[in-house]
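Have the structure open while you read.

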Amino acid sequence: MTRRLFLAFALAAAALLTVLPPSEAAAQTLYVQDTDDGYLNMRRGPGTGHGILLRLTAGTAVEITGAQGNWRQVMLPDGMRGWVHGRYIAQQYFAQRPYAFMVQCTNDGYLNLRRGPGTGFDISRRLHAGQMLLWTGAREGSWAQVQLPEGTTGWASVKFLMAVN
C-alpha cells in the first residue's frame with residue numbers, strides 16, 4: 001500500500017470516529033456531584049434551552065454515552081437518557097453534606113420513594129442507584145423516612161438503602 005493511500009485511509013477512519021456516537025462498550029461511569037440547588041437537571045438536549053427530563057441528586061451514577069461541548073449525554077441505570085452539564089459530574093462522588101444513605105441497585109433500575117411507609121402508599125418519586133439521601137430520623141418497620149438534598153421527603157425501603165455514615 002502506498003503511503004498516500006495509507007494516509008487517506010487513516011484520515012477517513014479518523015473522520016468516522018469523530019462522527020459516530022461512542023459505543024456502549026466505551027461508556028464511562030461518572031457520578032453527579034453536590035450542587036447549590038441539591039439537584040442536577042437532566043435535559044432533552046445539550047443546552048439550557050432544552051426541556052428538563054429529570055432532576056438528578058448527588059451521587060447518582062450515570063453512564064456517559066456522548067458529548068457536545070461542555071454537555072454530556074448520559075444514561076441512567078434504568079436506561080433513561082438525557083444531557084447534563086459536564087461541570088457537575090466526576091469519576092468519584094465527593095459528598096459535601098452529611099448523607100445517611102445511598103440508594104442501591106434494584107432489579108428494575110430505580111427505587112420508589114413513597115408518601116408513607118409501605119407499598120400501599122403512592123409513589124412520589126423514583127430514586128436511582130447511587131443517589132445520596134439524608135435521614136429524617138423516622139423509621140417504621142423496614143421503611144425509613146428520607147430527604148433528598150433539595151428538600152423532598154418520603155419513605156424508602158431500607159432493603160435498598162446502604163448506610164454511608
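Phe-101 counts as buried (under 20% relative accessible area, with exposed over 50% and partly exposed in between, using a 1.4 Å probe and protein chains only), because its relative accessibility is 13%. Keep in mind that this is a predicted model, where local features need pLDDT of at least 70, side-chain atom pairs count only at pLDDT 80 or more, and totals for chains, interfaces and linings use all residues. Residues are numbered from 1 along each chain as its sequence is written, and side-chain values use heavy atoms, leaving out hydrogens and water.

**Aromatic pairs**
- There are 2 aromatic pairs here, counting rings of Phe, Tyr and Trp (its six-membered ring) with centres within 6.5 Å; planes under 30 degrees apart are stacked, over 60 edge-to-face and the rest tilted.
- Tyr-93 and Tyr-99 make a tilted pair, 6.4 Å centre to centre with 55° between the planes, and both are buried.
- Phe-101 and Trp-135 have ring centres 6.1 Å apart and planes at 70°, so this pair is edge-to-face.
- Phe-101 sits in strand E8 (residues 101-103) and Trp-135 in strand E11 (residues 132-140), so the pair ties together parts 34 residues apart in sequence; strands are DSSP runs (E, at least two residues), numbered from the N terminus.
- Trp-135 is partly exposed, at 42% relative accessible area.

**A charge over a ring**
- Arg-126 has its charged end over the ring of Tyr-110, 3.8 Å from the centre; the rule asks for NZ of Lys or CZ of Arg within 6 Å of the ring centre and within 35 degrees of the ring normal.

Definitions and conventions
Helices (H or I, at least four residues) and strands (E, at least two) are DSSP runs, numbered from the N terminus.
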